[in-house]
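Me: I have a structure to go through with you. Could you take my questions in turn?

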Amino acid sequence: MTALPPAAAARAARRAALPVALCMGLAAALTACAGEDPDAGTNGVGKLEAPAIEAKAKAAANAAQAVRLSGTLVSKGGTYKLNMRLKKSGGIGSVTTKNSTFELLRVGDALYLKADTAFWAHADSDGDGASEPPSKEDTAAADKLDDMYVKVPEDDPSYKQLRGFTEMDVLLEGLLGLQGKLSKGDRDTIGGVRTIKVLGSEGNGGTLDVSLKGTPYPLQFARAGGAGVLTLADWDEDFKLAPPTKEESVDYGRELPRTSN
């Protein structure tokens with residue numbers, strides 16, 4: 001066998017080494033990619049099965065003392081836009097319906113409603129749901145209630161419904177319910193926080209985004225059947241709740257006028 005000259009042998013060795021080096025580098029890169037953990041730096045709930053993730057999210061929500069709930073809620077009674085800060089002892093925020101926007105404040109069992117003149121001027125004192133132009137007397141009364149907190153009597157027909165918008169436990173229990181067989185969805189980012197989606201009946205039973213950072217709180221819930229999308233934030237961040245002052249409130253009486261919302 002004829003030996004190659006030293007220079008030719010060196011060049012051949014370099015040519016052979018190049019593809020070997022490339023293959024080794026590619027193999028190392030593939031190994032690194034294959035070994036990369038998508039849950040690195042997270043709270044680990046993304047590794048769980050869908051029912052376990054939902055259970056973790058519900059447990060975190062139940063243990064929390066406060067939350068901000070905002071978004072759209074669609075029900076048989078209409079469409080509501082909510083922006084509420086809630087905790088166990090009460091809540092404060094706004095509710096927008098098709099016809100009006102009003103604010104609610106609840107401290108314990110004391111519930112207050114605040115709205116503008118237009119809201120009160122179109123109140124239906126007869127309760128028949130008819131939309132009629134307000135009388136001069138109605139307008140005068142509405143002017144006194146404009147942008148003032150009005151205490152809702154506990155025996156008023158609207159008390160229970162309005163209070164429902166300020167009940168943290170009731171709202172969370174009723175809203176965070178996935179339907180059907182659960183499955184894991186894609187990862188996403190809600191409010192700058194990485195999340196894992198849990199789908200009910202392949203997305204037709206609602207979609208819940210659960211935080212992959214810190215406590216696995218639910219951060220967004222798309223309700224089944226297009227019944228609204230709600231964002232949940234400021235978990236466990238306390239806020240001040242206090243009754244309105246005398247200067248901020250008006251005592252309307254034993255029963256509020258009906259409103260065509």
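Me: Where is the place of Lys-88?
Reply: This is a predicted model, where local features need pLDDT of at least 70, side-chain atom pairs count only at pLDDT 80 or more, and totals for chains, interfaces and linings use all residues. Residues are numbered from 1 along each chain as its sequence is written, and side-chain values use heavy atoms, leaving out hydrogens and water. Strands are DSSP runs (E, at least two residues), numbered from the N terminus. Lys-88 sits in the loop between strand 2 (78-87) and strand 3 (90-96).

Me: Is Lys-88 buried, exposed or partly exposed?
Reply: Buried means under 20% relative accessible area, exposed over 50%, and partly exposed in between, with a 1.4 Å probe and protein chains only. Lys-88 has a relative accessible area of 33%, so Lys-88 is partly exposed.

Me: Which side chain joins that of Lys-88 in a polar contact of 2.7 Å?
Reply: A polar contact is a pair of N or O atoms within 3.5 Å; within protein, one must be able to donate a hydrogen and the other to accept it, and residues adjacent in sequence count only if both atoms are side-chain atoms. The Lys-88 side chain also reaches the backbone oxygen of Asn-62 at 3.5 Å. The side-chain partner at 2.7 Å is Asp-169.

Me: How many bridges join strand 1 to strand 2?
Reply: Two strands pair if DSSP finds at least two bridges between them. Strand 1 and strand 2 form a hairpin with 2 residues between them. Gly-71 stands opposite Leu-82 in strand 2. Strand 1 (residues 66-75) and strand 2 run antiparallel, and the bridges number 10.

Definitions and conventions:
Helix = DSSP H or I, 4+ residues; strand = E, 2+ residues; numbered from the N terminus.
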